[in-house]
Amino acid sequence: FFFPQAIVTTMPPHVPIEAPAGNVAYGLRKGHKTKQIEKINRPVLKRGHQSKRVKLIHDVVREVAGFAPYERRCMEMLRISKDKRALKFCKVRLGTHARGKRKREELTQVIVAQRKAAAAAKKHHDE
């Protein structure tokens, strides 16, 4: 695009755009005067948030059923610091990169929790 030199120099880029002055169709304050709509908290916005009840159910099922064989294999890879390999393995088993990353992170947190529990048990045993 070609802009005449007069327009380029008279419109500095740092001039802020202000609130509309009314039904004006030109200038930095052009547009209709509007008022902001209040945001309504709809139930759909809670989608994806895990409730206490669902978390309890997941924890009970995990405690009773344990880990799937692929999860145990992935945890072994994580224990020997093969994070990238574990991600590739999870990705193949679960279908997408994002699911693989989420599962790897979940299993990493499980290993951390197991180590903390072992350390606490050892400390309790020593006392």
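This is a predicted model: local features need pLDDT of at least 70, side-chain atom pairs count only at pLDDT 80 or more; totals for chains, interfaces and linings use all residues.

A residue counts as buried when its relative accessible area is under 20%, as exposed when that area is over 50%, and as partly exposed in between, using a 1.4 Å probe and protein chains only. Residues are numbered from 1 along each chain as its sequence is written, and side-chain values use heavy atoms, with hydrogens and water left out.

**The overall plan**

The protein has 5 helices and 0 strands; these are DSSP runs numbered from the N terminus, with helices being H or I of at least four residues and strands E of at least two. Read from the N terminus, the order of elements is α-α-α-α-α. A contact here means heavy atoms within 4.5 Å. Of the contacts in the protein with a separation of 6 or more, 31% are between residues 24 or more positions apart.

A crossing is called left-handed if the near helix is turned anticlockwise from the far one by less than a right angle, and right-handed if clockwise.

| Helix pair | Axis distance | Angle |
|---|---|---|
| H3 (residues 69-79) and H4 (residues 83-94) | 8 Å apart | about 165° |
| H4 and H5 (residues 97-126) | within 8 Å | roughly 125° |
| H3 and H5 | within 10 Å | roughly 70° |

Angles under 35 degrees count as roughly parallel, over 145 as roughly antiparallel, 65 to 115 as roughly perpendicular and the rest as oblique. With about 165° between them, H3 is roughly antiparallel to H4. H4 and H5 are oblique to each other. At roughly 70°, H3 is roughly perpendicular to H5.

The contact of H3 with H4 divides into 8 nonpolar, no polar and 4 charged residues. For this sorting, Ala, Val, Leu, Ile, Met, Phe, Trp, Tyr, Cys and Pro count as nonpolar, Asp, Glu, Lys and Arg as charged, and the others, Gly among them, as polar.

H4 and H5 cross in a right-handed way. Their contact includes Leu 87, Cys 90 and Leu 94 of H4, and His 97, Gly 100 and Lys 103 of H5. Here the division is 3 nonpolar, 2 polar and 7 charged.

The crossing of H3 and H5 is right-handed as well. Residues including Tyr 70, Cys 74 and Met 75 in H3 meet residues including Lys 103, Thr 108 and Val 110 in H5. This contact has 7 nonpolar, 2 polar and 5 charged residues.

**A pair of cysteines**

How many disulfides does the structure hold? There are 0, a disulfide being a pair of cysteine sulfur atoms within 2.5 Å. For Cys 74, the nearest cysteine sulfur is that of Cys 90, 3.2 Å away. Cys 74 is buried, with a relative accessible area of 0%, and Cys 90 is buried with a value of 0% too.

**Some residues to look up**

Is Lys 103 buried or exposed? Lys 103, in helix H5, is buried, with a relative accessible area of 13%. Leaving out residues up to four places away in sequence, Lys 103 touches Arg 62, Tyr 70, Glu 71, Cys 90 and Leu 94.

Thr 108 also has its place in H5 and is partly exposed at 27%. Thr 108 and Cys 74 are 34 residues apart in sequence, and their C-alpha atoms are 9.5 Å apart. Val 110, another residue of helix H5, is in contact with Phe 67 and Met 75, leaving aside neighbours within four places in sequence.

Finally, visit Ser 81 in the loop between H3 and H4. Most residues other than glycine have a negative phi. Ser 81, although not a glycine, has a positive phi of about 60°, and Ser 81 counts as exposed at 62% relative accessibility.

How values were computed:
Axes are lines fitted to C-alpha atoms, for helices over the stretch in contact, and angles run from 0 to 180 degrees between N-to-C directions.
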